[in-house]
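Welcome! Take a moment to look over the sequence and the structure, and then let us walk through them together.

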Amino acid sequence: MTFNFDFREIVTSGMILFAVIDIIGSIPIIIGLRNKVGHIQSEKASIVATLIMIAFLFIGEEILNLIGIDVNSFAVAGSFILFFLAIEMILGISLYKDDAPESASIVPIAFPLIAGAGTMTSLLSLRAEFHVENIIIAIFINIIFVYIVLKSSKRIEHILGSNGINVIRKVFGVILLAIAVKLFAANINQLF
């Protein structure tokens with residue numbers, strides 16, 4: 001068994017996952033949840049999110065095949081999800097609203113905030129382009145960053161301020177929009 005470690009693939013996968021997970025943009029949500037439900041178990045949320053992402057990386061395509069959907073169709077559908085996530089980030093609007101949870105460590109922090117639909121779509125799309133070992137390294141790098149942010153969300157908010165967080169969120173929104181367009185363009189031809 002050979003490993004195909006590629007620094008460029010790790011960086012690209014890591015940046016895509018970082019933009020999709022958008023943990024910096026989620027700081028206001030995390031702080032709101034922390035104030036509402038008390039302590040958030042950062043370790044538990046990070047571990048569960050990692051397990052969900054790695055499991056979907058390996059069996060996501062089989063699940064799709066089981067229900068009769070090919071990866072290209074899922075990637076095109078996912079490009080729409082990424083597109084709308086990017087629009088939310090750039091315009092500062094909320095297209096999807098969910099009821100407030102009673103506890104926050106697993107739901108909604110681990111799923112769907114960290115390992116949500118956009119992340120799942122991105123993982124399958126990355127799997128079509130990159131080697132699995134590079135994507136797993138990118139997942140672990142992102143989860144370490146997510147853990148750090150969850151542990152120090154109040155301090156980060158204090159340092160960046162609401163304007164700084166908004167600027168970062170909009171920049172990653174534009175990156176995510178470009179990723180959505182590329183994902184759509186790369187997979188739409190395969191459907192016809």
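A residue is called buried when its relative accessible area is under 20%, exposed when it is over 50%, and partly exposed in between, using a 1.4 Å probe and protein chains only. This is a predicted model, where local features need pLDDT of at least 70, side-chain atom pairs count only at pLDDT 80 or more, and totals for chains, interfaces and linings use all residues. Residues are numbered from 1 along each chain as its sequence is written, and side-chain values use heavy atoms, leaving out hydrogens and water.

How confident is the predictor? On the pLDDT scale, which gives its confidence in each residue from 0 to 100, the chain has a mean of 84, and 94% of its residues reach 70 or more. Helices here are DSSP runs of H or I with at least four residues, numbered from the N terminus.

Let us turn to the interior. A nonpolar core is a set of buried Ala, Val, Leu, Ile, Met, Phe, Trp, Tyr and Cys residues joined through side-chain atoms within 4.5 Å. The largest one has 51 residues, and those touching the most other members are Ile23, Met53, Ile109, Ile114 and Ile139. Helix 7 gives the most to this core, with 9 residues. Buried residues of helix 7 include Ile135, Ile136, Ile139 and Ile143. In soluble globular proteins, nonpolar side chains tend to be buried together.

Because lysine 151 lies in helix 7 and glutamate 43 in helix 3, the pair ties together parts that are 108 residues apart in sequence. Lysine 151 is partly exposed at 43% relative accessibility, and glutamate 43 is partly exposed at 36%.

What lies on the surface? Phe80, Phe83, Phe84, Leu91, Ile93, Leu95 and Phe184 make up a nonpolar patch there, with about 650 Å² of accessible area together. Such patches join nonpolar side chains (Val, Leu, Ile, Met, Phe, Trp, Tyr) within 5 Å, from residues with over 30% relative accessible area and no salt bridge; the areas come from the Shrake-Rupley method with a 1.4 Å probe, and for residues only the protein chains shown count as cover. Helix 4 (residues 71–91) gives the most to the patch, with 4 residues.

Methods:
Patch = residues over 30% accessible without salt bridge, like charges linked within 9 Å, V, L, I, M, F, W, Y side chains within 5 Å. Salt bridge = Lys/Arg side-chain N within 4 Å of Asp/Glu carboxyl O. Helix = DSSP H or I, 4+ residues; strand = E, 2+ residues; numbered from the N terminus. pLDDT = per-residue confidence, 0-100.
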